[in-house]
Every structure is written in C-alpha cells, then in structure tokens.
Amino acid sequence: MFRADLSAGAQQAVAQRGTPATLNLDDIFGDVMFTPDGDTVFLSEEQDVLNSGESQITTMASKPSADGRFVPVNKGGGLYTTQLTEREKPALVMGAAAPGVAQTQSVPYKKAPQERHHLQYAMPKKKSSRSGDRKMSEQQKHERRERNREHAKRSRIRKKFLLESLQQSVALLKEENEKLRGSIREHLGHDKAERLLAQNTGDDAPDAALIANSQGAANKVLDDPDFSFIKALQTAQQNFVVTDPSLPDNPIVYASQGFLNLTGYSLDQILGRNCRFLQGPETDPKAVERIRHAIEQGNDLSVCLLNYRVDGTTFWNQFFIAALRDASGNITNFVGVQCKVSDQYAASVTKEQEAAGDDSGDE
C-alpha cells in the first residue's frame, strides 16, 4: 500500500481517522509547497526557501523602496470606481482614490484569507544554474536525479490518495451547483435565467458544461478529469473563481467563499462580471498582459501581481489560471486560484518575473 510514502503527519492522520474521506488536504500535502513554476518543494527536505505565507495578516500590500524598506501601496478608489454597482455596465479596473468618489466602507476579513489548508508557495533562495550543473560530479548528478524521481513518485502517490478522498466529496460540488443555478435565477430574472440555463444544459449541450441539468449530467460533469481539479479546490476550500469564456466578457459563473472573504466582495456584486475589478492603479500591466495571453492561448499560468479588495485595500496575489476542456479538447471554462502572499515573497517573485520578461524581450 502507498500510505508509507505519505508524510509522518499524514500517516498519523490515517492511523487515527482511518479512511481517505476523513482526511483533509493538509493531512496529505502538509509538508509540500509549490514554486511559482509549479515544481513541488518538500519542506522536510528543503530548508533554504522563502515561504509565501505571512507571519501576520496584512491589510495593505507593500513594495520595496530604493533603500530596501517596504512602503505601503496607495489605496485604490474602492467599489464605486469599478462599475460593479451598475449591472448594465461592464466591470472596470479599480480607479484611484480621488475627491468626489464615494467612499467604500472598510470590509475586514471574516477569517484568515490564507490558511494552512490553502495552496502554499515557496521561492527557492538559491537557484541552480547550468554552470553549477557542470561543476557537479557524476555521483552528485545521479543523486539529484534519484531525488527528483522520488519527489515525482511521492507527488503521484499523494494525488492518488487525494482522489480517493475526492470520490466521496462529489456531493459538495453538486450542492454548490444547485446554489449557482438559484443565484442565476435570482439575479438575472426567471425568463433570462431559464434561457441561459437551457442554453448550457439542453440535450445538445456538452457534458462538461459547468451547470448540469440533471443528476446524470452532473455525474458526467464531475467525472471529467478537468473537473477533478474543481472538486479538489472545492473540497480544500480554496480561494478561486470559475469563468465562462463562451459568454460575453468571460464572466465569473462561480466564486468560492474563500474568494469572497479574500476580496471582500459579495456574490451578487461579482457574479456575471469579468475579473478585471481585482486590478487597480498599481497592478503591473505586464502581469495582466501575461494573463490575457494565457487566456487567449488556453495555457496554464502562474503569476504574482498586486490586486485590490472591494474597499481599495491591496494584497499580493500568487495567481494561477488553468483552462478546463471538454472531451473534444474545447475550452469550456477557466479556473483562477488566488493565494495571498507576503510582501517579501512577492518582491522576490516579481523581481524574477521582470528579469524573465527582460530576457525574453532581448531574444
């Protein structure tokens, strides 16, 4: 059995609670973090990394100044600069705070925006180079290859164990599916909502449509490999949204409670709107362009950028976006996962992003 390859904490949880259904992601992946490039880092073995977590929760993001000090970013203009209060208009990038702009009441976090069971990142403090590879002995290279194989094996084992748990958690997403249908009816009106739902759930609709019309269709949706990712996010209570590119302006069609807590918005404010309201005056346009390009190409992407909450406060977001596809390979939805990271981690990652962008521009 593969349980022996789990972490000590996971093995103890299995011994105490017995079945995969009673475990959470922290039990299984508690000693694992991901680099911005998607590689796995086992913290029990890799000590020289910069953890993305905050030592204490901040309400304003900061940037390093020329003298090395971290200076808070200017507050954004808040909800009333995004047009989210006007349903007939498209969402806008948040504007700057200015005289005459209605003030948005402060919206504190209802709970920690980034908890232990949420996706975590780590930035290696020392990056290996090709010159370093050349200096390694054959024995060292062999040991590194074996170590990489072991990491890959352990990652596969944990994913397999996770899937056992997810099979018993499908009901959670089915329940959210029904809530989404109800929310669409409430906010679009009965007639318009029924036309939209019929368009996505009729007999000719693909099985991988996000909104299922029947129990059988829901089972087919949830058995799709791409939707296993959604199930994992839902079960782990991650901060994420799902958008539908087949609708005008690629609007949000699902938002987790974690996302609402992180951003301060309510579901009725953002459902059916494009995600650009998270951007603001000091969001790096190059990072936004990378996201736009990934959506156009249907590629997965991880990028760190500055985002804005409903009240204009700011946070650094290690953002991951992935395309969900049907059996024919056509994109049906995009899922975006948000991870609030520390100022120090963001400074390190954005510096690497800028360097990578400069290198690609020189080619």
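**Labels and their cut-offs**

Reply: Gladly! Searching the whole structure turns up 2 aromatic pairs. This is a predicted model, in which local features need pLDDT of at least 70 and side-chain atom pairs count only at pLDDT 80 or more, while totals for chains, interfaces and linings use all residues. Residues are numbered from 1 along each chain as its sequence is written, and side-chain values use heavy atoms, with hydrogens and water left out.

Me: Why is the pair of phenylalanine 240 and tyrosine 254 called tilted?

Reply: Rings of Phe, Tyr and Trp (its six-membered ring) pair if their centres lie within 6.5 Å; planes under 30 degrees apart are stacked, over 60 edge-to-face, and the rest tilted. Here the centres are 5.5 Å apart and the planes stand at 35°, so the pair is tilted.

Me: What makes this pair a tie between separate parts?

Reply: Phenylalanine 240 belongs to strand E7 (residues 240-243) and tyrosine 254 to strand E8 (residues 252-255), so the pair ties together parts 14 residues apart in sequence. Strands (E, at least two residues) and helices (H or I, at least four) are DSSP runs, numbered from the N terminus.

Me: How do you know whether phenylalanine 240 is buried or exposed?

Reply: Buried means under 20% relative accessible area, exposed over 50%, and partly exposed in between (1.4 Å probe, protein chains only). Phenylalanine 240 has 0%, so the label is buried. Tyrosine 254, at 10%, counts as buried too.

Me: What kind of pair do tyrosine 265 and phenylalanine 277 form?

Reply: Their pair is edge-to-face, with 4.8 Å from centre to centre and 65° between the planes. Tyrosine 265 sits in the loop between helix H9 (257-263) and helix H10 (267-270), and phenylalanine 277 in the loop between H10 and helix H11 (285-297), 12 residues apart. Tyrosine 265 has 3% relative accessibility, so it counts as buried; phenylalanine 277, at 0%, is buried as well.

Me: What makes arginine 309 count as lying over the face of tyrosine 109?

Reply: The rule asks for NZ of Lys or CZ of Arg within 6 Å of the ring centre and within 35 degrees of the ring normal. Arginine 309 lies over the face of tyrosine 109, 4.2 Å from the ring centre.

Me: How do you know that the length of H11 is close to the expected one?

Reply: The expected span is 1.5 Å times one less than the number of residues. H11 has 13 residues and reaches 18 Å from first C-alpha to last, close to the 18 Å expected.

Me: Which residues of H11 are buried, and why are they said to share a side?

Reply: In H11, Ala287, Val288, Ile291 and Ala294 are buried. They cover an arc of only 120° around the axis (taken from the directions from the helix axis to the C-beta atoms), so they lie on the same side of H11. An α-helix has 3.6 residues a turn, so residues three or four places apart point the same way. The face turned away from the buried side of H11 carries the exposed residues Pro285, Lys286 and Glu296.

Me: What covers the buried residues of H11?

Reply: The cover includes strand E9 (301-308) and strand E10 (314-325), where contact means heavy atoms within 4.5 Å.

Me: Why is alanine 122 called buried?

Reply: The relative accessible area of alanine 122 is 0%, so alanine 122 is buried. This residue lies in strand E6 (residues 122-124). Leaving out residues up to four places away in sequence, alanine 122 touches several others, including Met33, Val49 and Tyr345.
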